[in-house]
Amino acid sequence: MNNPAENPQKEPLLRIAKRAELPAGKIVILRLLAVVLSLVAGGIFIACMGQNPLTIYGTILSGACRSAMAFQGTVKLMIPLLITSLGVTLAFKMKFWNIGAEGQIIFGATCATFFALFCSGMNHVLLIIVMFLAGFIGGGLWGLIPAVFKVRYNTNETLFTLMLNYIALHIVSYLRDGPWMDPGSQGFPKIARFDKNASLDKFLGIQFGWLIGLLLVVIVFIYLKYTKQGYEISVVGESQDTARYAGMNVKKIILRTMFLSGGICGMAGMIQATGSDITLTTSVAGGVGFTAIIIAWLGQLNPFAILLVSFLFSVLEKGSSVVQSNYGLSTDCADVLQGIILFFILGCEFFVRYRFLFRTKVHSEKKIKAEGE
């Protein structure tokens, strides 16, 4: 037999280990460090493009808030991001990986559009209420589909919700090119603009979806933290077996939570279609559903933190568009800059939870000696 000391099974040179929970102060320091490093790395990229990093960063901030109109544009971008992030937060809190917010936004907008196109003669307030309900129910039902298959057949919710995004998108394409095509478009495939009666009113110069978003922040916070249903969501997220042992109906909780998650995303679609686009298009979601996933996790699934992160994302997006127009940078450059910043910030979350361990000589010698004995 071979002597174990002569041919030891070596421990990897580098391995990843779960970190003990860090104090809140250290977590804050890590996240601030990630922000600083992201700005430095982004600055290097900007310098490589032949621009002054400080000037570009200053333009991003001023471009998002330099005037009342610019600030209104920033808030307008924030509305769907905030509401959708709150929607997916409910599902993520339960460890149900809802990657289908895009589809839920689209289907909620589609259901609301039906009433905007064919019931525009209704009383304005009543019509808006009906469209909100249609958007909520439509998005909720679209979110309920993968939940039903999950509890009955244990399907993979990540793939299921992702595929439903494309189905919802093609439904809009079919309606745009067929039953709902604008008769006055002279053959160009598009859905008619909504009547003023079917459009959201403005408050302080912005469609009042921002008020709905702020209200939802408070409602979702209270729902998750202070209600029995919110507690059930947390328990199911920690352990479904524990929830069953405590007498909770796990299937019912999953179905209910996914309906609410999809419903909130559907409301975001309704608000985007009737408050910003004033029509239904295939770009009504515009990638918001995927960006909302990042925002929800960066906000640690806390509604108030999500509010702040949504605003910062909107500042970055609005400011980047100003940089493009002022300095002639392509949209790809702005996307790369955003990607660099996100890379560092998201990477920080890895170091909050895990750490790298290097193989030490002393540890290796002890292991060899133990194997030899």
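Trainee: How are helix 5 and helix 10 oriented to each other?
Mentor: They are oblique to each other, a class for angles left over once under 35 degrees is called roughly parallel, over 145 roughly antiparallel and 65 to 115 roughly perpendicular. The axes of helix 5 (residues 124–153) and helix 10 (residues 250–277) cross at roughly 140° and come within 6 Å. Axes here are lines fitted to C-alpha atoms, for helices over the stretch in contact, with angles from 0 to 180 degrees between N-to-C directions.

Trainee: Before we go on, where does the model come from?
Mentor: It is predicted: local features need pLDDT of at least 70 and side-chain atom pairs pLDDT 80 or more, while totals for chains, interfaces and linings use all residues. Residues are numbered from 1 along each chain as its sequence is written, and side-chain values use heavy atoms, leaving out hydrogens and water.

Trainee: How many helices and strands are there in the protein chain?
Mentor: The protein chain has 14 helices and four strands. These are DSSP runs numbered from the N terminus, helices being H or I with at least four residues and strands E with at least two. The C-alpha trace spans about 90 × 60 × 40 Å along its principal axes. Of the 373 residues, 44% count as buried, that is, under 20% relative accessible area, with exposed over 50% and partly exposed in between (1.4 Å probe, protein chains only).

Trainee: Which residues of helix 7 are buried?
Mentor: Gly209, Trp210, Ile212, Gly213, Leu216, Val217, Val220, Tyr223 and Leu224. Seen down the axis of helix 7, these buried residues fall within an arc of 150°, so they line one face of the helix. The arc is taken from the directions from the helix axis to the C-beta atoms. Leu215, Lys225 and Tyr226 are exposed on the other side of helix 7.

Trainee: And what about helix 1, how far does it reach?
Mentor: Helix 1 (residues 24–48) reaches 36 Å from its first C-alpha to its last, close to the 36 Å expected for its 25 residues. The expected span is 1.5 Å times one less than the number of residues. Buried residues in helix 1 include Ile27, Ala34 and Ile46. After helix 1 comes glycine 50, with a positive phi near 85°.

Trainee: Which residue other than glycine has a positive phi near 55°?
Mentor: Asparagine 154 is one of them. It sits in the loop between helix 5 and helix 6 (157–177), and at 58% relative accessibility asparagine 154 counts as exposed. Glutamine 300 also has a positive phi, about 55°. Glutamine 300 lies in the loop between helix 11 (288–298) and helix 12 (303–327), and is partly exposed at 33%.

Trainee: Last one: is threonine 59 buried or exposed?
Mentor: Threonine 59, in helix 2 (residues 53–65), counts as buried at 9% relative accessibility. Its C-alpha is separated by 8.3 Å from that of serine 320, 261 residues apart along the chain.
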